[in-house]
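Please look through the structure shown here before reading on. The paragraphs below take it in steps.

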Amino acid sequence: MVAIRELPIPLVIVFLALIRGYSPLPATSLDPIIPGRFTAEDSVFPTDDYDVYKTPTPILPVTVDPNEKPQKRCDYDPCDETQSSCHELSVSTGCRCPGFSLSTAPEAPKLQSVSWNGSEVVIRWCAPNSDVASYFVTVGGQDIKKFEMDKRSGGVGVVDQIAKVCVVAVNDFGSSEPHTRSCLMYKPRDNSHRPVLAGLIGGALGLLLLSLLAVLLWRHKRQRK
């Protein structure tokens with residue numbers, strides 16, 4: 001200490017500055033721990049960094065009640081035009097329509113028969129498992145007639161030649177694709193024998209009239225005698 005006091009004042013200032021610059025102590029000091037100031041809040045640790053260690057919520061399996069009855073299938077005949085559509089039955093009774101599709105173009109209906117009823121050709125078909133707005137019937141590739149969605153039969157007029165008859169289902173999403181089950185070939189009856197039959201009937205009637213005339217003449221001559 002005596003040596004430091006004997007040094008010039010500028011050297012003392014430089015020496016003290018060097019000692020201050022190389023001091024390992026921080027420039028700021030920590031607050032002293034004062035007894036009595038430690039509270040319970042100081043012991044609470046932040047939980048944000050421990051969220052990743054939280055236990056995930058378990059996913060419980062879906063349980064099915066064994067006493068619950070399965071959904072009943074709709075009592076629906078796709079070939080019967082006297083009943084409501086399967087969709088209407090499902091909405092009103094809660095039954096299940098087999099393979100019923102709503103938001104797509106309809107499937108192809110099934111054409112059951114094409115026949116002649118004496119005045120026109122009549123067809124019968126079954127509805128597809130789809131939502132249908134109407135039906136179109138084609139004869140020889142040309143649209144002939146339109147039917148409402150609740151129809152399953154109808155006449156298409158006179159068809160005097162062999163033709164392919166098809167029924168097409170239509171809704172807001174499109175029309176059914178061509179399918180073998182929705183078409184049948186119609187062949188008119190063979191009318192070539194009708195003139196022969198008419199001639200035979202006419203000849204028989206003529207022979208009957210001649211016979212009656214002969215009998216009348218014979219009776220008239222006999223009365224004159």
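Residues are numbered from 1 along each chain as its sequence is written, and side-chain values use heavy atoms, leaving out hydrogens and water.

The pLDDT is the predictor's confidence in each residue, from 0 to 100. Its average over the protein is 76, and 63% of the residues score at least 70. Where pLDDT is low, the predicted coordinates should not be read in detail.

The protein has four helices and eight strands; helices (H or I, at least four residues) and strands (E, at least two) are DSSP runs, numbered from the N terminus. Their order from the N terminus is α-α-α-β-β-β-β-β-β-β-β-α. Of the contacts with a separation of 6 or more, 58% join residues 24 or more positions apart. Of the 225 residues, 19% count as buried, meaning under 20% relative accessible area with a 1.4 Å probe and protein chains only.

A pocket is an open set of points, on a 1 Å grid over the protein atoms alone, where a 1.4 Å probe fits, with protein on both sides within 12 Å along at least five of seven lines; lining residues have an atom within 4 Å of a point. Grid points are joined across faces, edges and corners, and a volume is the space filled by probe spheres set on the points. The largest pocket holds about 260 Å³. It is lined by 22 residues, and Tyr76, Ser85, Cys86, Ser130 and Arg152 are the closest to its centre. Helix H3 (residues 86–93) gives the largest share of this lining, three residues.

The second largest pocket has a volume of about 160 Å³. Its lining includes Thr138, Lys164 and Cys183, and strand E6 (residues 163–171) supplies the largest share, four residues.

Ser130, one of the residues closest to the centre of the largest pocket, sits in the loop between strand E2 (121–126) and strand E3 (134–139). Ser130 is buried, with a relative accessible area of 5%. Its side chain reaches the backbone nitrogen of Glu107 at 3.0 Å.

Terms used:
Predicted model: local features only at pLDDT ≥ 70, side-chain atom pairs only at ≥ 80, totals over all residues. Buried < 20%, exposed > 50% of the residue type's maximum accessible area, 1.4 Å probe, protein only. Polar contact = N/O pair within 3.5 Å; in protein donor to acceptor, adjacent residues only side chain to side chain. Contact = heavy atoms within 4.5 Å.
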